[in-house]
Amino acid sequence: METQIPEFYEIYGRKFKLLIGQNEIAKRVKEIAAIINNDYKEKKPTFLIILKGAIFFGSDLLRHISLECEIEVVRARSYGKTMKSSGNVNLDMKVEIENKDVIIIEDIVDTGLTLSKLLAKLNEMHPASIEVAAFLSKPAQRKLEVNVKYVGFEIPPSFVIGYGLDYAEKGRHLPCIYSLAD
Ligand code: IMP
């Protein structure tokens, strides 16, 4: 059942408007899981959840995965307290992915800098394969071309919060996606 949620949400005086609701999210996450279940039916993938942003997407998606699989987590930090990608990405990496079929679970691909850096590091660890599942993508913002096989929703360039995504660490807990409205 859909929780009663407000149309607007405010953080540090900035106003955000509801963009994607709970039912729509749940439906799309289930669809992506079904596609992955089919694509990997001969494999035992390792899902790599990128913290903190992909906590909700990762846990919701994985509950619909019917494959034998493993879960790893890694922390990536990029924005700090701003709404702009800094290009400085710190990765806290201690994952075992050699010879594994890895599916990265990301919250959002914006400029593509985080993902490219992550992919470069992971490829040095000799996985059998790597694909990316991103809950959101802002194609108009791309500075580097990255191959994202599974995308939840393509959205306009506006800054978004909710469903794991934050503005200066606020708003992650919201069950829906809100977009900057001021
Ligand atoms: P990129 O390196 O520019 O692709 O940015 C990737 C990371 O920046 C994501 O994993 C998010 O953590 C963060 N990010 C990008 N866009 C947004 C947004 O609209 N809201 C909140 N975080 C974002």
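Me: What pattern does the chain follow, read along the sequence?

Reply: In this predicted model, the order is β-β-α-β-α-β-β-β-α-β-β-β-β. That is 3 helices and 10 strands in the chain.

Me: What makes the chain as compact as a globular protein of that length?

Reply: The radius of gyration is 16 Å, and the globule rule gives 16 Å for 182 residues, so the chain is as compact as a globular protein of that length. Along the principal axes, the C-alpha atoms fill a box of roughly 50 × 40 × 25 Å.

Me: How much of the chain counts as buried, and what is the accessible surface?

Reply: Of the 182 residues, 48% count as buried. The accessible surface comes to about 9500 Å², and 49% of that belongs to carbon and sulfur atoms.

Me: Among contacts between residues at least 6 apart in sequence, what share joins residues at least 24 apart?

Reply: The share is 68%.

Me: How many positive and negative side chains are there, and how far apart are the centres of the two sets?

Reply: There are 25 positive and 25 negative side chains, with the centres of the two sets 5 Å apart.

Me: How many aromatic pairs does a search of the whole structure find?

Reply: The search finds 8 aromatic pairs.

Me: Why is the pair of Phe56 and Tyr163 called edge-to-face?

Reply: Their ring centres are 5.6 Å apart, and rings pair if their centres lie within 6.5 Å. The planes stand at 80 degrees, and the edge-to-face class takes planes over 60 degrees apart. The pair is therefore edge-to-face.

Me: What makes this a pair that ties together parts 107 residues apart in sequence?

Reply: Phe56 lies in helix 2 (residues 55-62), whereas Tyr163 lies in the loop between strand 9 (160-161) and strand 10 (177-180), so the pair ties together parts that are 107 residues apart in sequence.

Me: Why is the pair of Phe135 and Tyr163 called tilted?

Reply: The centres of these two rings are 4.6 Å apart and their planes are at 45 degrees. Stacked needs planes under 30 degrees apart and edge-to-face needs over 60, with the rest counted as tilted. At 45 degrees the pair is therefore tilted. It links distant parts of the chain, with Phe135 in strand 7 (residues 129-137) and Tyr163 in the loop between strand 9 and strand 10, 28 residues apart. Phe135 counts as buried, at 1% relative accessibility.

Me: Which residues do ring pairs link into a cluster?

Reply: The cluster holds Phe56, Phe57, Phe135, Phe153 and Tyr163.

Me: How do you know whether Asp107 is buried or exposed?

Reply: The relative accessible area of Asp107 is 14%, and buried means under 20%. Asp107 is therefore buried. Its place is in strand 6 (residues 101-109).

Me: With which residues is Asp107 in contact, leaving aside its neighbours within four places in sequence?

Reply: Asp107 is in contact with Gly53, Ala54, Ala134, Phe135, Leu136 and Leu165. One of these, Phe135, is also a member of the ring cluster.

Me: Where is the cis peptide bond, and what is its omega?

Reply: The cis bond joins Leu51 and Lys52, with omega about -5 degrees. Lys52 lies in the loop between strand 3 (46-51) and helix 2.

Me: What is the phi of Asn99, and what is that of His126?

Reply: Asn99 has a positive phi of about 65 degrees although it is not a glycine. His126, also a residue other than glycine, has a positive phi near 55 degrees. Asn99 is found in the loop between strand 5 (90-92) and strand 6, and His126 in the loop between helix 3 (113-123) and strand 7.

Me: Where is Lys27, and is it buried or exposed?

Reply: Lys27 is in helix 1 (residues 22-39). Its relative accessibility is 55%, so Lys27 counts as exposed.

Methods
Residues numbered from 1 in each chain as written. Predicted model: local features only at pLDDT ≥ 70, side-chain atom pairs only at ≥ 80, totals over all residues. Heavy atoms only, no water. Helix = DSSP H or I, 4+ residues; strand = E, 2+ residues; numbered from the N terminus. Rg over C-alpha atoms; globule rule 2.2 N^0.38 Å. Buried < 20%, exposed > 50% of the residue type's maximum accessible area, 1.4 Å probe, protein only. Contact = heavy atoms within 4.5 Å. Areas by Shrake-Rupley, 256 points an atom, 1.4 Å probe, with all protein chains shown as cover. Lys, Arg positive; Asp, Glu negative; His and termini not counted. Charge placed at Lys NZ, Arg CZ, Asp CG, Glu CD. Phe/Tyr/Trp six-rings, centres within 6.5 Å; stacked < 30°, edge-to-face > 60°.
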